[in-house]
2 protein chains.
Amino acid sequence: MKRSFIREILEYTNSNTISFAGGLPDEKLFPLEVIRDCANSALQSAKVLQYAKSSGLDSLRELIAQSYTKRGFKTSPEEILITSGSQQALDVILRSIKSQNITVEAPSYLGAMNLFALNGIKTEAVELKENGIELNSFKQSVANTKLAYLIPDFQNPTGISYSQECRDMVAKEIKEHNGILIEDAPYSELYFEEFMPPISSKIPNSSYHLGSFSKTLAPALRVGWIRASKKLIKPLLAYKEVMDLHTNMLSQEIISCFLSKHKLYEEHLENIRNSYKSKMEFFTQELDKKIPEFNYIKPKGGMFVYVKTDVDVYKLLERTMQNGVVFVPGGEFYSDNKNRNEIRFNYTNSTQEQISKGIELITEATHYMQYLTNQKSDRYERINSLS
Amino acid sequence: MKRSFIREILEYTNSNTISFAGGLPDEKLFPLEVIRDCANSALQSAKVLQYAKSSGLDSLRELIAQSYTKRGFKTSPEEILITSGSQQALDVILRSIKSQNITVEAPSYLGAMNLFALNGIKTEAVELKENGIELNSFKQSVANTKLAYLIPDFQNPTGISYSQECRDMVAKEIKEHNGILIEDAPYSELYFEEFMPPISSKIPNSSYHLGSFSKTLAPALRVGWIRASKKLIKPLLAYKEVMDLHTNMLSQEIISCFLSKHKLYEEHLENIRNSYKSKMEFFTQELDKKIPEFNYIKPKGGMFVYVKTDVDVYKLLERTMQNGVVFVPGGEFYSDNKNRNEIRFNYTNSTQEQISKGIELITEATHYMQYLTNQKSDRYERINSLS
């Protein structure tokens, strides 16, 4: 199996690298003190260190269920299964449903595509447009696959957010074709304008909604979850159990402790949203100013801005890596792996200085490549005029 | 997929149940204070909460490698892959090697057998004898499967420990047939007499050695590892990565912190060994005293004593459950699931009072069942004599 290009880049960067490559949240926003306090109080009792239930910590399932219900998506704790990150959540689902084909966005999340491959599931890619997935092709594909994997909120890698109309249509098509939706929602809380209701809330009996604390609290705690109807979630438990018995309990206790401090947690989320919004604004302003030939759709949330350009982005990356700047070529997010001259930039884990410097270096490299291309075509013209 | 019987029992017991069922370590031996201190110092820096390398925390890999080397099994940190418990370790290996058949002990660890089933691998069961696996059948089986899964140290469920001779022969057969050994060793540190060198140390290029901190430190931290040659371990990384990105970092930091306090850690292990040894002695003395018709091989380490009897153990369990005592029928540990009138008792998570009371209640229930059987056969004899 091929390793993830992004995680390989991650391993070769050092502390001086300006990285727009990973999907790393900003460490400075990790609520270190609260986590420390919560860890300390959890570790007053040995119970937290013992083997525990595969379904997850009851208090945490309760709190997650409440937060769905509060937003109008009625959910009970029995409809929540805790997993070791939402990466595992997807694996648990795929192993249990044993499908042959799945409809996905093009481009889509690399880690999910690797999981489809691992589970022997063939992807049918449907183009992602400014307002969501292209509906005609989606309809045709789902009629065949009966299964779709979508990231409707601030998608990875494009940053695109589905419009309400597109959400409604997706729900309608899933229902009409007796399909199942896997809705991956790790970025949903990172909205800059408004929270968008999950597509799953329209089709609660034919959807898995995947959540994660990696982007809102801290990735290394490795806690995610699946929200699904009792009928859909029940068979998952045996898979979760055999895969790693249960998810880390200290992490679950820490998160449950933090979530139960409702006001503090809300302030924390608000803080992240504000910070990421201003980072996004700064990043796109710098792009507009320095390299206006980069086209992008301004994200309404999340962690990524996705650029289309004319230069060969793999050659560009080769050049900028030497100068200590990295990003991920868009081609990595398509199942055909073709080069597409698209770039995913992550803006959440860099300071303004790094963003400014990084875009400066990318601009220089881009201009140099454009200069080489022009030179070549000049020479070609001269040779042509001689012959 | 069938859920684990043991974990189902675990979920239905309450705080008053005397449980000899799970494989639970003794909570009172968890080094709660050290773990709290280590957690606190790890959480001084936000770095510990960020996404991290799939291979695991470097300092922890180094410390694990050192502990192998110290015991004469030369190991480098690159030969260690950290996993989310050794349950996941086995899954990572099985997904990567894509075998059709595997040689296993009969009986064997339930969680492993469920993983074989999940990965579409058929088991060939070879009888476990007092000194290890039955070598003639093992030889024949491995010639066919080229792959074996064994638990040579204080096996689960039987508590059996392979003799040095048996270890040598297993290594020889694996080598001769170009096979691969998966050696599961979660109990190896829990020896009552002496540490036994892993079979893997004899065949370092054709073995995976699986370790875990669940029995020596705390299960809920969910940290295990695979020790294998660089050639065998390299392809595993991509699987580990796609399954859950990486293992919980806070747990890894905590464990690394504790392991680096070498003397303290050694004392802690010694403490567990002494405590479990005296629990085992007490448990078997009580059996000898109260119910001498239960046959068992006295364990030299680990967490289980395995009993053979004449009564129907499922009916016995039904009866003792009503009185608040649970254990696992041996039949659960065989791939054919046939009832065998064998019982696995876990002795590590009960107090002397609980052990005494539990065995008392099991004795009563056994005697009652024997009485019923005798009555029936008496009646049968009477009817026979009348006809």
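Two strands count as paired here if DSSP finds at least two bridges between them. The model is predicted.

**Exercise 1. The sheet of chain B**

Work out which strands of chain B lie at the edges of its sheet, and what this leaves open.

*Solution.* 
Step 1. Write down the strand order. In chain B it is 2-9-8-7-6-3-4-5, an open sheet of eight strands. The pairing is mixed.
Step 2. Look at the ends. Strand 2 (80–83) and strand 5 (132–133) of chain B each have a single partner strand, so one side of each has no neighbour in the sheet.
Step 3. Check one pair. Strand 8 (residues 207–212) and strand 9 (residues 224–227) of chain B run antiparallel and are joined by four bridges. In that pair, B:His209 has B:Arg227 of strand 9 as its bridge partner.

**Exercise 2. Two domains in chain A**

Describe how domain 1 and domain 2 of chain A meet.

*Solution.* 
Step 1. In chain A, domain 1 is 5–28 + 265–369, and domain 2 is 32–261.
Step 2. Count the contact. Domain 1 of chain A supplies 24 residues and domain 2 of chain A supplies 28 residues.
Step 3. Find the elements on the domain 1 side. Helix 11 (262–290) and strand 11 (304–308) of chain A each give two or more residues. Helix 11 of chain A gives the most, with six residues.
Step 4. Sort by class. This side of domain 1 of chain A has 14 nonpolar, five polar and five charged residues.

**Exercise 3. The two chains**

Find the relation between chain A and chain B, and describe their contact.

*Solution.* 
Step 1. Superpose. A rotation of 180° with 0.0 Å of shift along its axis brings chain B onto chain A, at RMSD 0.0 Å. This is the relation of a two-fold axis.
Step 2. Count. Chain A and chain B each put 53 residues into the contact.
Step 3. Name the elements. Those of chain B giving two or more residues include helix 1 (5–12), helix 2 (32–42) and helix 10 (249–260). Helix 9 of chain B gives the most, with seven residues.
Step 4. Sort by class. The chain B side has 26 nonpolar, 13 polar and 14 charged residues.
Step 5. Compare the surfaces. 100% of the interface residues of chain B are also interface residues in chain A, so the copies meet through the same surface.

Notes
Residues are numbered from 1 along each chain as its sequence is written. Chains are lettered from A and ligands numbered from 1 in the order in which they are written. This is a predicted model: local features need pLDDT of at least 70, side-chain atom pairs count only at pLDDT 80 or more; totals for chains, interfaces and linings use all residues. Two residues are in contact if their C-beta atoms, placed from the backbone, lie within 7 Å. Ala, Val, Leu, Ile, Met, Phe, Trp, Tyr, Cys and Pro count as nonpolar, Asp, Glu, Lys and Arg as charged, and the others, Gly among them, as polar. Domain bounds come from an automatic or database domain assignment. Copies are superposed by least squares on the C-alpha atoms of residues with pLDDT of at least 70 in both.
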